[in-house]
Amino acid sequence: MPDTIERVCFLLTLRPERTDDYVAAHATVWPDMLDALRAAGWTNYSLFLRPEDGLVVGYLETPDFARAQAAMAATEVNTRWQATMAEYFQAPTVAPGEPGARPDQTMHRLTEYFHLD
């Protein structure tokens, strides 16, 4: 196990009218998606929701977040999952004619500035 672990916190924004559906979808996350996350190095992964406005806060720990994201992006199950989840999220602003981004590509990572062990 590496000496350092990255603690990663990120934000996403749901369409407020779809929050119940989004939460329900996470009650039955596909087993192959869970396996892919673990294999890619996502650990201690949690999602939190502020239902009144659709704010999602995600937290995970991993030895190398860039590597963990790349590993997930390379899986077929993540491609299918992101396509399924896209309908729940507010669409990011894109130029006319440009394809919309997948939810996992629109994470707004927060900067950690304090940690108490």
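I take contact to mean heavy atoms within 4.5 Å. Helices (H or I, at least four residues) and strands (E, at least two) are DSSP runs, numbered from the N terminus.

**Entry 1: ground rules**

The model is predicted; local features need pLDDT of at least 70, side-chain atom pairs count only at pLDDT 80 or more, and totals for chains, interfaces and linings use all residues. Residues are numbered from 1 along each chain as its sequence is written, and side-chain values use heavy atoms, with hydrogens and water left out.

**Entry 2: overall layout**

I looked up the element list and found four helices and four strands in the chain. Read from the N terminus, their order is β-α-α-β-β-α-α-β. I then checked burial, where buried means under 20% relative accessible area, exposed over 50%, and partly exposed in between (1.4 Å probe, protein chains only). The chain has 117 residues, and 30% of them count as buried. I also looked at contacts with a separation of 6 or more: 74% of these link residues 24 or more positions apart.

**Entry 3: the sheet**

In what order do the four strands stand in the open sheet? I read the order as β2-β3-β1-β4, with antiparallel pairing. Two strands pair here if DSSP finds at least two bridges between them. β2 and β4 are the edge strands, since each pairs on one side only. As a reminder to myself, strands of a sheet pair through backbone hydrogen bonds, either parallel or antiparallel.

I went through the pairings of β1 (residues 6-13). With β3 it forms eight bridges in the antiparallel sense. Within that pairing, V8 has L60 of β3 as its bridge partner, and C9 has Y59. On the β4 side (residues 108-109), β1 is joined by two bridges, again antiparallel. There I found F10 opposite R109 of β4.

**Entry 4: T62**

I picked T62, which lies in strand β3 (residues 55-62). T62 is buried, because its relative accessible area is 1%. Leaving out residues up to four places away in sequence, T62 touches I5, E6, G41, W42, T43 and A68.

**Entry 5: helix α3**

I listed the buried residues of α3 and got F65, A68 and M72. Seen down the axis of α3, these fall within an arc of 60 degrees, so they line one face of the helix. The arc is that of the directions from the helix axis to the C-beta atoms. A66 and R67 are exposed on the other side of α3. What do the buried residues of α3 pack against? I noted β1, α2, β3, α4 and β4.

**Entry 6: helix α4**

**Entry 7: the largest pocket**

I searched for pockets on a 1 Å grid over the protein atoms alone: a pocket is an open set of points where a 1.4 Å probe fits, with protein on both sides within 12 Å along at least five of seven lines, and lining residues have an atom within 4 Å of a point. The largest pocket holds about 460 Å³ of space; grid points are joined across faces, edges and corners, and a volume is the space filled by probe spheres set on the points. Its lining has 25 residues, and the closest to its centre are M33, W42, Y45, W81 and Q82. The elements giving two or more residues to this lining are β1, α2, β2 (43-50), α3 and α4. Which element gives the most to the lining of the largest pocket? I found α4, with four residues.

I sorted the lining by type and got 17 nonpolar, six polar and two charged residues. In this sorting Ala, Val, Leu, Ile, Met, Phe, Trp, Tyr, Cys and Pro count as nonpolar, Asp, Glu, Lys and Arg as charged, and the others, Gly among them, as polar.

**Entry 8: two single residues**

N44 is in strand β2. I noted that N44 has a positive phi of about 45 degrees although it is not a glycine. N44 is partly exposed, with a relative accessible area of 46%.

D20 is in helix α1. Is D20 buried or exposed? I put D20 down as exposed, because its relative accessibility is 64%. I also looked up D20 and G54, which are 34 residues apart along the chain; their C-alpha atoms are separated by 9.8 Å.
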